[in-house]
Amino acid sequence: PVFGADGTSLATFVVGFREPRSLSAQEHELIALGARLAGLALIRHRADLQHELLVGELHHRIRNVFASIGSLVYFTLRTHGESKEFGKIFDARLAALARAHDLALQHSGSDLRSLIGEVLAPYTADERITIAGPAFTLSPEATVAFSLTMHELATNATKYGALSSAQGRLCIAWELRSHAANEP
């Protein structure tokens, strides 16, 4: 067997002869060395594959960031064409995107409550916002999309909705439901 540094079996190194024979100590040593070299080659190959996968994922995420930034610019210009307001709104949206990416990269996903709290942090100086719901983890992709959506809704609530007046309140709540296989 060929083992990795952590003791994991990586493969089986087989040496065969046409006819049965006994091996000398030197031949045993040479075969053991061959197995170790094969193990190192396999470890290197797997590391290269992992590296390629990570680089591909990084490129994918970077393309998504640029697409997201382009969307932020387009939608902000469409709704807030004035330069002073555009800069303020765009900076806030870009900061929300950065926070979403930070949360997405910290682990395999983001806790929904934490994400909502992070996005709404600029609006929660008082007790006007309540957040309630069971633990739920979003994927990294969903974290970014949901963060941008929450920021947009918070911006609208501040300008036109519940957070536009001192008496306004915002309650965000969710629940998890399981559906039977035969339910629509």
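A salt bridge here is a side-chain nitrogen of Lys or Arg within 4 Å of a carboxyl oxygen of Asp or Glu. This is a predicted model, in which local features need pLDDT of at least 70 and side-chain atom pairs count only at pLDDT 80 or more, while totals for chains, interfaces and linings use all residues. Residues are numbered from 1 along each chain as its sequence is written, and side-chain values use heavy atoms, leaving out hydrogens and water.

By this rule there are three salt bridges. In one of them E27 pairs with R21, with the closest N and O atoms 2.6 Å apart. Relative accessible area (1.4 Å probe, protein chains only) sorts residues into buried, under 20%, exposed, over 50%, and partly exposed in between. E27 is partly exposed at 25%, and R21 is partly exposed at 44%.

D48 and R44 form another salt bridge, 3.0 Å from N to O. Both lie in helix 1 (residues 25-79), four residues apart, about one turn of the helix; helices are DSSP runs of H or I with at least four residues, numbered from the N terminus. R177 and E175 also meet in a salt bridge, at 2.6 Å, and both are exposed.

Now turn to helix 3 (residues 112-120), where L112, L115, I116, V119 and L120 are buried. Because they cover an arc of only 120 degrees around the axis, they sit on the same side of helix 3, the arc being that of the directions from the helix axis to the C-beta atoms.

Technical notes: Helices (H or I, at least four residues) and strands (E, at least two) are DSSP runs, numbered from the N terminus.
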